[in-house]
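Hello,

Here is the structure for you to look over.

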Amino acid sequence: MIKAVFFDIDGTLLSLKDNSFPDSARFALTQLKKKGIKIFIATGRHLSEMKSLAIMELPFDGYVLLNGQLCLDANKKVLCSYPIFQEDKHILVELYEKKDIPIIFVEQESLYINMSNEIVEAAQRTIALPIPPIAAYSGNPIYQATAFVNKTECEQIMKHLPHCKMMRWNDVGVDIISNQGGKAIGMVQVLKHYHLQRDEIMAFGDNENDMDMLAFAGLGIAMGNALDIVKKVSDDVTDTVDEDGIYHALQKYQLL
């Protein structure tokens, strides 16, 4: 029996075309709550990047943020956090201050960038987010670093970050997090808090940073607009977000 469902945001709950929240998905999540099934967000986003989203009108039971680096309960109280290790943080701070490439630093309460360019502007438009303010490193723990780099540049950076892993969300955008983290690892802590078992959860996603979540869930569903590598690790594939994929999958598995 499915007792909880985890949802990615961009390309899953929200359309990549216009950032809209389909009425069918809104209805589906509302019905899950009425049936006593818990609903959770699992995203690479920071909480501050979600406040204006239509999905935040819904009463979620918890949040797996920053690709699992920071997890909150329904009241947004911290359940667990996984900042980047000091050794790797020093390397990232050097890169940040050199300003050879644009990097966003994500802290628990805020996020900011070292520089911006057309690549950053284009990447941020795909997820309907403004460019964070330009600021110097604050000295606080870093939970995620978003680097705007191509594949070759990313490989070079990761060679110097032994305690980190990267998750790509755009052709030029990667999230760098502690290798202790990831959506699935964040989900484990959420399950413990709510006394849920792995085989009692369902998850929806579409991108590389959703792969561990979809593989971990008792029932992992890839959106029709998901990357092929994401579909391969999933238990099933539904329609695209713009074709009411969430609603159709929940109907198929008799949760609606």
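First, the residue classes: Ala, Val, Leu, Ile, Met, Phe, Trp, Tyr, Cys and Pro count as nonpolar, Asp, Glu, Lys and Arg as charged, and the others, Gly among them, as polar. By that scheme, the lining of the second largest pocket has 6 nonpolar, 3 polar and 3 charged residues.

This is a predicted model: local features need pLDDT of at least 70, side-chain atom pairs pLDDT 80 or more, while totals for chains, interfaces and linings use all residues. Residues are numbered from 1 along each chain as its sequence is written, and side-chain values use heavy atoms, with hydrogens and water left out.

Pockets. The search runs on a 1 Å grid over the protein atoms alone; a pocket is an open set of points with protein on both sides within 12 Å along at least five of seven lines, a cavity is a set where a 1.4 Å probe fits but cannot get out, and lining residues have an atom within 4 Å of a point. Points are joined across faces, edges and corners, and a volume is the space filled by probe spheres set on them.

The largest pocket holds about 570 Å³. Its lining counts 30 residues, with Asp10, Ile127, Trp169, Asn170 and Asn207 nearest the centre. Two or more lining residues come from each of β6 (103-106), α3 (118-126), β8 (144-148) and β9 (164-170). Helices (H or I, at least four residues) and strands (E, at least two) are DSSP runs, numbered from the N terminus. β9 gives the most, 3 residues. The lining splits into 9 nonpolar, 11 polar and 10 charged.

The second largest pocket has about 180 Å³. Among its lining residues are His46, Lys51, Leu72 and Glu109.

Cavity. How many cavities of 30 Å³ or more does the whole structure have? The search finds 1. α8 supplies the largest share of the lining of the largest cavity, 3 residues. Ser24 and Ala25 line this cavity too.

Helix α1. Gly36 follows α1 and has a positive phi, near 85°.

Best wishes
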